[in-house]
Amino acid sequence: MAEEQILIILSDPQISNLLEQSILAPEGYRVTQVRESQTMQVLLQAQLPDLIILGEQIPDGNGLDLAARLLEEYPDLPIILASDPFSETLLLKALRLGVA
């Protein structure tokens with residue numbers, strides 16, 4: 001069973017809860033949810049997660065910009081950028097940054 005830590009930062013708590021309760025936790029992942037980047041920064045200083053699931057739009061900023069800053073500081077940290085609706089332009093920008 002997985003024991004990896006996943007940090008979710010999405011603006012929609014329903015989607016965050018669905019990801020955690022229906023998909024990730026049943027597979028054994030330890031999940032932490034936050035809503036804003038400032039709280040995320042505090043958590044990152046304490047311990048790096050194994051993966052971040054980051055929304056394109058978060059309450060206190062732009063997810064793509066945040067991903068770029070995170071990758072500058074933590075270049076080996078895997079980040080999945082969640083976007084709705086699909087945007088080809090956003091996809092290209094994310095891929096250039098190294099974000100999935």
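**View 1. β1 and β3, side by side in a predicted model.** Strand β1 (residues 5-9) pairs with strand β3 (residues 51-55) in the parallel sense, over four bridges. Here, two strands count as paired if DSSP finds at least two bridges between them. Strands are DSSP runs of E of at least two residues, helices runs of H or I of at least four, and both are numbered from the N terminus. Residues are numbered from 1 along each chain as its sequence is written, and side-chain values use heavy atoms, with hydrogens and water left out.

**View 2. The whole sheet.** Four strands make an open sheet in the order β2-β1-β3-β6, with parallel pairing. β2 (30-34) and β6 (79-82) sit at the edges with a single partner strand each, so one side of each has no neighbour in the sheet. From one strand to the next, the twist averages 15 degrees. (Axes are lines fitted to C-alpha atoms, for helices over the stretch in contact; angles run from 0 to 180 degrees between N-to-C directions.)

**View 3. β1, covered on both faces.** Five of the five residues of β1 are buried, so the strand is largely enclosed by the rest of the structure. Buried means under 20% relative accessible area, exposed over 50%, and partly exposed in between (1.4 Å probe, protein chains only). Gln5, Leu7 and Ile9 are on one side, with Ile6 and Ile8 on the other. Helix α2 (residues 37-46) lies across β1, β2 and β3, at about 160 degrees to β1.

**View 4. From β1 to β2.** These two strands pair in the parallel sense over five bridges, and Ile9 has Val34 as its bridge partner in β2. The chain gets from β1 to β2 through α1, in a right-handed β-α-β crossover: with the strands pointing away from the viewer, the path from the first strand over the helix to the second runs clockwise.

View 5. In helix α3 (residues 63-73), the buried residues are Gly63, Leu64, Leu66, Ala67, Leu70 and Leu71. They cover an arc of only 155 degrees around the axis, which puts them on the same side of α3; the arc is that of the directions from the helix axis to the C-beta atoms. Glu72 and Glu73, on the other side, are exposed.

Key:
This is a predicted model: local features need pLDDT of at least 70, side-chain atom pairs count only at pLDDT 80 or more; totals for chains, interfaces and linings use all residues. Contact means heavy atoms within 4.5 Å.
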